[in-house]
Amino acid sequence: MSLKLQKSDRVPFWTPRQPKVGKFLRYFDGVDRDPPTLFQPLDIRGMTISNRIGTSPMCTYSSEHFEANKYHLVHYGSISSSGPGLVIVESSAIDPLGASSPNDLGIYTETQAATHKENIVDWAHVHNIKIGVQLGHAGRKASLAAPLNGQLGVYVPKEEGGWPDDIMAPSAVPFDDSGVTPKELTIDQTRKIIKQYGISAKLAVEKAGYDFVEIHAGYGYLPCQFYTKTANKRKDRYGGSFENRTRFLLETIDEVRSSISNEVPIFVRLCADENVEDPEGWKMSDTLRLLPSLVEHGVDVIDVCSGGLNYKEYGWDHPNFLPPKEIAKQIKEHSDGKILVASTGGSQDGAIANSFLNSGSMDILLIGRIYLKNSGIVWQFADDLGIHLEQAKQKAWIFDAEGYLKK
Ligand SMILES: Cc1cc2nc3c(=O)[nH]c(=O)nc-3n(C[C@H](O)[C@H](O)[C@H](O)COP(=O)(O)O)c2cc1C
């Protein structure tokens, strides 16, 4: 056997060739049996993920000119080399006016897509991880301050790089009482935005090299502003009836589908419930009504969340509040196995995380904030369940070497 390490051909610089990081190897006790569900591979439209843990999209507010940089290489590098089955990269604006803050990532130019490839995608592929990007347009929630200094929900004035006078939404209904009222999109502007989702999806797949895309229709982003009556007061083909209000999302899905190869999976993050008592609010029953259309339009994975759409929303302590894993369970029950469901669950223990999948609550467990605290969470889940996984070579060898720190 050669003593020379093999070079990875995924990046221009020297780094060792890696196995499929996060793939099940064996139980600690050496007895041959199936891996726990959490660590079984899953096929999504021909894309196979090595385990059923995904990183939930989380804005890092660390871009200048909406481009990825070395921060993203370090941040997503530590996540993607730690072995989740898939990574969903933070909301990346499909249009400069649709960025939630001046420090968001964007994916509407070739230059931006090239920075995603160099600083995010290639490193995930060194570790044989599947990675996708969330395509975002924040609509009336655009031009907010990056909250890194604790300023939540503050619109950035023009002098400081914001665009409060150019914020667009289905109707001129403000998100909150900040005094910033969005401009109502014309039909032509609406169609242009739908086209832009397709352009960004194509850039994401063909230029940046992402394995899948996710349409951000959760947390009050533009597609939800169209589908809820509380934000959409239009009288044209994009407002009024249920069919008209959901048209924007369905046309966006079709545009994305026709802009990328048929083999590339499409995820949709959906705000399943607006969490308001207002009868005009989007409800779980509306989500279940929309479900067959999402299946029909070729969505592969529904990634569920709730809230973020109405500043009058109730919290988790309200009797009507549905936790994401309960939403996911209801969607799975109604979908008859025709669509995969991803959801956050908040577990910090591998056995509990595994039980979410065994109980049929979801197909993919997404991890958000815990990943920020503990980028070794996948390895920890494997330890909790008594199994060895493939790990990045630089970390694995000391645990594998006979006579060394064997688990
Ligand atoms: C810092 C931060 C940034 C986030 N950014 C996004 C985002 O870009 N897109 C999105 O859909 N959700 C975003 N979320 C929501 C998370 O993806 C996730 O749904 C939420 O944190 C709940 O999961 P958790 O309990 O595992 O953290 C963000 C959450 C956090 C904490």
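Here is a short chat about the fold and helix packing of this predicted model.

Biologist: What ground rules apply here?

Modeller: It's a predicted model, so local features need pLDDT of at least 70 and side-chain atom pairs count only at pLDDT 80 or more, while totals for chains, interfaces and linings use all residues. Numbering runs from 1 along each chain as its sequence is written, and side-chain values use heavy atoms, with hydrogens and water left out.

Biologist: How many helices and strands does the protein have?

Modeller: Helices are DSSP runs of H or I with at least four residues, and strands are runs of E with at least two, numbered from the N terminus. On that basis the count is eleven helices and 15 strands.

Biologist: At what angle do helix 1 and helix 2 cross?

Modeller: Axes are lines fitted to C-alpha atoms over the stretch in contact, with angles from 0 to 180 degrees between N-to-C directions. The axes of helix 1 (residues 70-80) and helix 2 (residues 110-126) come within 8 Å. Angles under 35 degrees count as roughly parallel, over 145 as roughly antiparallel, 65 to 115 as roughly perpendicular and the rest as oblique, which makes this pair roughly parallel. The crossing angle is roughly 20°.

Biologist: And how far apart are the axes of helix 5 and helix 6?

Modeller: Helix 5 (residues 242-259) packs against helix 6 (residues 284-296) at about 45°. That makes helix 5 oblique to helix 6. The axes are 11 Å apart.

Biologist: Which residues of helix 6 meet helix 5?

Modeller: Contact means heavy atoms within 4.5 Å. From helix 5 come Phe242, Glu243, Thr246, Leu249, Leu250 and Ile253. Their partners in helix 6 are Asp286, Arg289, Leu290, Ser293 and Leu294.
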